[in-house]
Amino acid sequence: MIAAKGLHKRYKQTVAVDDLSFEVRPGVVTGFLGPNGSGKSTTMRLMLGLDHGGGETLFDGERFTDIRRPMNRVGALLEAKPFHPTRSARNHLKMLASANGITDARIDEVLETVGLGPVKRKQPKGYSLGMAQRLGLAQALLGDPRTLLLDEPTNGLDPHGIHWMRDLLKQLATEGRTVFVSSHLLSEMQLMADELVVIGRGQMIFNGDVDDFVREFTQSSVIVRGPDADAFVPVLEAEGATVTKGGDGELVVSDMAIGAVGHLAFTEGVELSELSTRSASLEEAFMSATGAAEQFVAREPVPATTTGGARHA
Amino acid sequence: MLDALRFEWTRLRTLRSTYWMVGSGLVASAAIPLTLGIAAGSEPLNADSVNLGLNGGASFVIPFLAVFMAVVGIFATGHEYRHGTIQPTLTALPQRSRLILAKILTVAGLTAAVTLVSIAINATLMLALWGGVPGLFDDPVRSALLGYVAYNVVYTLVGLGLGLLFRGVPSALVVIFLMPLIIETLFVGLTMVPALDWLAPVVRFLPFTAGSELMLTSAAEFGPAAPDYDFFDRWASGGVFAVFAALIIIAAWTLFKTRDA
């Protein structure tokens with residue numbers, strides 16, 4: 001169990017983390033979401049005492065900096081390539097293991113687990129980002145910890161690697177471990193996470209089940225198709241529904257339940273070929289929840305004819 | 001604390017640069033008695049020349065071994081930031097003071113051991129080239145060699161402190177080379193200008209210059225134009241150097257405790 005209370009971090013005029021409190025339960029994967037610059041990495045560093053700020057985080061009741069041989073209790077992966085380029089992967093882990101009473105056999109075991117066994121004695125300066133992430137995960141798993149904190153662990157992994165990582169983290173959670181993982185791959189998070197902590201501009205936006213998050217920040221829509229669908233629009237709007245036209249000519253109806261739409265079609269004698277609901281994705285919920293909390297907003301793409309880009313090409 | 005020492009020792013011995021620095025220091029240091037022996041092997045040895053051969057020219061030219069070991073000291077802390085390993089280091093060993101203390105003890109211990117090995121190598125070379133090392137275990141050579149070990153350890157700790165203070169390698173390297181070789185040499189040179197001879201009393205407080213007093217078997221020669229610098233005795237001068245190292249380490253340690261990793 002992780003219990004974060006009143007985490008706070010300020011860089012001069014900027015508040016990076018603003019009084020964040022949340023709990024991460026064991027036995028489930030908890031996703032940590034937020035737009036770029038929202039304070040996810042800073043929060044994780046605060047939790048581990050790497051950054052100084054306000055508040056405290058307890059790992060099974062103890063602060064990280066008070067834990068003797070912490071790798072046996074909490075495993076962390078925070079940066080993409082945190083190793084010396086000429087120290088072999090095995091020696092890198094051996095160095096960390098030596099401070100935590102971890103055996104050489106365990107080092108070899110985790111290197112095999114993450115797939116780096118064949119290159120464990122080679123210098124990691126030529127590692128791809130994916131291989132570096134695997135070494136980082138090996139580092140986090142080294143002490144067989146009850147708690148894992150992983151910052152963007154799927155960065156740089158190929159689709160097989162992402163699939164493997166997802167299965168591994170879910171497996172670790174089912175073993176009763178506490179798994180707290182940040183990612184910007186929302187589709188992955190939807191498949192992996194059971195619970196979410198969502199922040200924006202350092203502030204808490206949501207803490208709870210993934211399904212609750214999607215429900216809270218999106219609306220389910222009703223899809224209507226039929227030969228007289230256009231004629232059905234004013235009828236629906238007169239009853240208070242919001243109607244938009246989809247790309248394939250279907251009507252997307254919100255603010256009205258599917259049963260009410262079906263009943264209205266029946267009473268008005270409108271022929272329908274499709275009446276279904278469309279649930280929102282985690283990505284849609286995320287966009288809805290964090291839209292106002294984005295720190296770095298990119299300009300919308302402008303068609304090439306407007307900018308003259310095609311002429312310059 | 002034992003865990004921290006184990007960590008630091010493993011860190012040191014799994015780095016290729018440690019072996020390069022130690023090896024280069026030993027070779028550079030051994031080159032002095034070898035060159036002297038080949039060039040002047042028939043000349044009789046006095047305390048100054050025995051000392052010079054055993055400390056590899058440190059008391060006269062450049063303290064080769066100290067410089068190479070100082071780089072090991074800089075790497076002990078500077079590499080952590082240069083390669084981002086400070087993050088895994090602090091997740092493996094989050095007690096910051098324990099980590100720094102382990103670095104100090106390990107690097108100081110290694111430097112002392114390497115210096116003793118260097119003295120042994122140089123003594124062997126002198127034995128082979130001159131057929132003996134007169135006064136090796138007698139004063140003033142004995143005290144000068146103990147001072148040489150202390151000098152190298154303090155020099156290395158200055159490097160360690162600078163690496164931690166600047167949180168990187170290049171700035172620390174610049175300072176550790178610039179200060180003794182250029183700044184202090186320039187300062188001593190200025191005291192020889194008659195109009196600036198009032199600077200002379202400060203020379204005994206210049207850390208690297210004062211530290212050099214640790215290794216001497218006779219008073220240092222600064223040339224005919226040099227005023228009397230009235231240096232402290234061997235160990236008090238070493239104390240000046242040690243206080244300088246301590247100030248850098250205390251400043252770096254304090255900042256390390258309060259800074260983000």
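This is a predicted model: local features need pLDDT of at least 70, side-chain atom pairs count only at pLDDT 80 or more; totals for chains, interfaces and linings use all residues.
## Helix H6 of chain B

H6(B) runs over residues 96–130. The helix has 35 residues. From first C-alpha to last, H6(B) reaches 50 Å, close to the 51 Å expected at 1.5 Å a residue. Just after the helix comes Gly131(B), with a positive phi of about 85 degrees.

## Packing of H6 on H11

Two packed helices are described by the angle between their axes and the distance between the axes. For H6(B) and H11(B), residues 234–258, the angle is about 145 degrees. Their axes lie 10 Å apart. The crossing is right-handed.

Which residues of H6(B) and H11(B) meet? H6(B) brings Arg96(B), Ser97(B) and Ile100(B). H11(B) brings Trp253(B), Phe256(B) and Lys257(B). By class, this contact has three nonpolar, one polar and two charged residues.

## Contact between the chains

Chain A places 28 residues in contact with 24 residues of chain B. Which helix gives the most to the side of chain A that touches chain B? Helix H2 of chain A (residues 89–98) does, with five residues. By class, the side of chain A that touches chain B has 13 nonpolar, nine polar and six charged residues.

Technical notes: Residues are numbered from 1 along each chain as its sequence is written. Chains are lettered from A and ligands numbered from 1 in the order in which they are written. Axes are lines fitted to C-alpha atoms, for helices over the stretch in contact, and angles run from 0 to 180 degrees between N-to-C directions. Helices (H or I, at least four residues) and strands (E, at least two) are DSSP runs, numbered from the N terminus. A crossing is left-handed if the near helix is turned anticlockwise from the far one by less than a right angle, and right-handed if clockwise. Two residues are in contact if their C-beta atoms, placed from the backbone, lie within 7 Å. Ala, Val, Leu, Ile, Met, Phe, Trp, Tyr, Cys and Pro count as nonpolar, Asp, Glu, Lys and Arg as charged, and the others, Gly among them, as polar. The expected span of a helix is 1.5 Å times one less than its number of residues.
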